[in-house]
Amino acid sequence: MIKSPRGTRDLLPPETALWNFVEAAVRDVFRAYNFHEIRTPIFESTELFARGVGEETDIVNKEMFENPPAELFTSYEGEVPDVIVRKAWLDQYGNRYTLVSQGLNEPFAVARRGDLTPSMMVFRYHMDACTLERMQTLERQQAELGLERLELTIAVPEWEEKEVRRLSPTVEVHSVKLPGWLDPRNAFTLRPENTAGIVRAYIEHKLWERGLNKFFSIGPMFRRERPQKGRYRQFYQIDAEVIGPPSSGSQSPVRDAEILELLATLLDRVGIANWTLVLNSVGCPADRAKFNEALREALAPVVDKMCVDCQRRAVTNPLRVFDCKVLADQPIIETLPTISQFLDEDCRMHYEQVKEILNAVAIPFVENPRLVRGLDYYQKTAFEFTHGALGAQNAILGGGRYDGLSEALGGPAAPGIGFAIGEDRLVLSLMEATPAEAVVRKPDVYIAPLGAGMNREAARLARELRRHDLVVELGDESFRPKKSIETADKMGSRYVLIVGGNEVAGDAFSLKHLASGEQVTVPRAELAQRISRK
Ligand code: HAM
């Protein structure tokens with residue numbers, strides 16, 4: 001038997017009625033707040049997520065469904081310690097490179113030029129200051145491992161050469177003609193989230209010309225996570241984004257508070273009680289730099305007691321240590337400094353104003369200075385809503401401000417804030433109080449044709465009644481009356497309408513109310529009205 005892929009599931013009736021109920025309610029709420037729907041592709045360039053979400057995040061590092069998949073390149077040759085040789089190729093000068101890295105999403109891949117030249121190439125699609133710093137770390141690590149000191153060179157695709165020279169005029173650069181399979185323009189990923197895609201669309205269509213954009217979207221996302229209750233590899237998000245040029249007021253704390261108040265309204269509206277809004281400010285990049293420095297310092301004496309992921313994060317992006325789920329690491333994480341100690345005046349003011357408005361509109365919240373969220377693009381406000389019914393995966397939604405994301409993707413300044421609700425989790429929480437059966441609309445009437453030639457009469461009647469917004473189910477003339485009644489009963493129909501020769505001749509039909517057993521004869525012209533009466 002062929003089953004659905006691991007971590008995916010079929011949504012079946014009656015549960016789908018709950019999904020429809022949620023989506024209809026959500027669309028109503030979005031309308032009231034002047035949000036409009038945007039639909040973006042469910043796959044995008046791999047590069048979009050690497051640059052947008054951040055290469056050191058779990059999402060990009062471990063969970064992307066990408067094509068070509070990183071696994072495709074695995075072929076261990078064992079010549080470099082602790083890394084996996086992915087693939088070898090020749091550049092336009094006939095030099096042989098061996099790519100050694102965890103995958104295409106890795107911040108960089110190391111390439112060895114030829115087998116005899118003791119030189120090492122750091123290959124990078126996009127060069128930035130952070131990568132340069134990491135190259136130096138790598139060089140140090142090579143020395144620590146006691147390897148022959150390698151001459152470090154940066155290899156970049158031809159189009160990046162100018163940027164590297166600008167960033168570091170002294171570094172040796174080698175521009176590489178990429179083989180097709182390595183060209184990032186050929187690499188696609190099933191979207192793990194939708195903020196990056198929406199900001200890409202904002203830039204591509206110059207949406208700043210419209211002023212402030214308020215978007216929502218509903219659709220599937222994909223993450224290669226270990227499946228469990230509330231965590232799937234294909235899951236659904238209800239996403240909202242407010243983005244525009246600074247002149248449109250997009251960076252105002254009013255927008256943050258509006259988003260949070262909208263969420264409270266939305267959860268109340270769909271019937272989720274007992275949610276908790278958890279709030280923090282993760283500051284701006286300058287605050288983050290100071291915070292990362294402080295974290296590096298705090299981690300230095302303890303990091304060797306932490307998991308390998310944290311050891312790597314401590315070097316590459318210390319903030320991401322807060323994403324660690326390893327139990328044994330938690331006592332160490334508890335002792336680390338928090339970002340709140342590093343907020344500058346502007347960020348602090350912004351945060352205070354958001355909280356003031358929330359208090360004014362009576363939206364309760366709790367603050368958690370360790371909430372940093374698992375995506376790199378956040379600045380200032382970050383938040384999650386949790387719900388008790390969900391157990392370990394208790395974040396029903398998350399979001400925050402991403403004022404620098406447009407620039408990181410090559411666009412103009414476009415402050416923005418948004419959220420994504422995990423729709424699977426929302427429905428799971430809802431099922432606690434509302435069984436799916438309760439929102440399914442059952443048939444109003446089951447039409448039972450009795451005897452040969454009655455199918456066509458029944459079809460005519462069904463067509464008439466359905467025009468009156470009635471839910472009509474149709475039997476078959478081969479069914480005996482008993483079978484028709486049983487079938488109607490099983491599907492929860494309120495009435496059974498008998499269509500036999502006598503009824504057709506008299507243009508009046510036997511209508512049986514299943515709950516009471518009462519049976520009356522109703523002229524054709526009065527049927528719809530009679531059935532509509534509850
Ligand atoms: P996120 O926190 O990665 O944020 O995901 C948002 C929500 O999606 C989570 O709170 C959770 O309910 C749901 N979710 C995530 N992964 C899974 C999974 N594997 N299975 C089921 N549900 C899941 C974002 O995606 C950001 N784009 C939110 C955002 C929008 N920030 C600003 N704008």
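## Overall composition

The secondary structure of this protein amounts to 17 helices and 22 strands, as read from a model that is predicted. Of the 534 residues in the protein, 52% are buried. Among the contacts between residues at least 6 apart in sequence, 67% join residues that lie at least 24 apart.

## Helix 7 and its two partners

Helix 7, which covers residues 253–270, and helix 11, which covers residues 345–360, have axes that come within 9 Å of each other and cross at roughly 45 degrees. That angle makes helix 7 oblique to helix 11, and the crossing of the two is right-handed. On the side of helix 7 the meeting involves P253, V254, D256, A257 and L260, while helix 11 brings H350, Q353, V354, I357 and L358. Sorted by class, the residues in this contact of helix 7 with helix 11 are 7 nonpolar, 2 polar and 1 charged.

Helix 7 also packs with helix 1, residues 15–32, at an angle of about 145 degrees and with the axes 10 Å apart. Here too the crossing is described as right-handed. From helix 1 the contact draws on F21, V22, A25, V26, D28, V29 and F30, and from helix 7 it draws on L262, L266, R269 and V270. By class, the contact of helix 1 with helix 7 holds 9 nonpolar and 2 charged residues, with no polar ones.

## A mostly covered helix

Helix 13 runs over residues 423–433 and is mostly covered, with 8 of its 11 residues buried. The buried residues of helix 13 are E423, D424, R425, L426, V427, L428, S429 and L430.

## Two buried loop residues

N317 sits in the loop that links helix 9, residues 308–316, with helix 10, residues 330–334. Its relative accessible area is 13%, and because buried means under 20%, N317 counts as buried. When residues up to four places away in sequence are set aside, N317 touches E56, N292 and D376.

S493 likewise belongs to a loop, in this case the one between helix 15, residues 481–490, and strand 20, residues 495–499. With a relative accessibility of 6%, S493 is counted as buried. The side chain of S493 reaches the backbone oxygen of Y495 at a distance of 2.9 Å. Not counting residues up to four places away in sequence, S493 touches P443, D444, V445, Y446, A488 and L514.

## A partly exposed strand residue

V366 has its place in strand 14, which consists of residues 366–367. The relative accessibility of V366 is 40%, a value that counts as partly exposed, because that class lies between the buried limit of under 20% and the exposed limit of over 50%.

Although V366 and L279 are 87 residues apart in sequence, their C-alpha atoms are 6.1 Å apart in space. Once its neighbours within four places in sequence are left aside, V366 is in contact with T276, L277, V278 and L279.

Methods:
Residues are numbered from 1 along each chain as its sequence is written. This is a predicted model: local features need pLDDT of at least 70, side-chain atom pairs count only at pLDDT 80 or more; totals for chains, interfaces and linings use all residues. Side-chain values use heavy atoms; hydrogens and water are left out. Helices (H or I, at least four residues) and strands (E, at least two) are DSSP runs, numbered from the N terminus. Buried means under 20% relative accessible area, exposed over 50%, partly exposed in between (1.4 Å probe, protein chains only). Contact means heavy atoms within 4.5 Å. A polar contact is a pair of N or O atoms within 3.5 Å; within protein, one must be able to donate a hydrogen and the other to accept it, and residues adjacent in sequence count only if both atoms are side-chain atoms. Axes are lines fitted to C-alpha atoms, for helices over the stretch in contact, and angles run from 0 to 180 degrees between N-to-C directions. Angles under 35 degrees count as roughly parallel, over 145 as roughly antiparallel, 65 to 115 as roughly perpendicular and the rest as oblique. A crossing is left-handed if the near helix is turned anticlockwise from the far one by less than a right angle, and right-handed if clockwise. Ala, Val, Leu, Ile, Met, Phe, Trp, Tyr, Cys and Pro count as nonpolar, Asp, Glu, Lys and Arg as charged, and the others, Gly among them, as polar.
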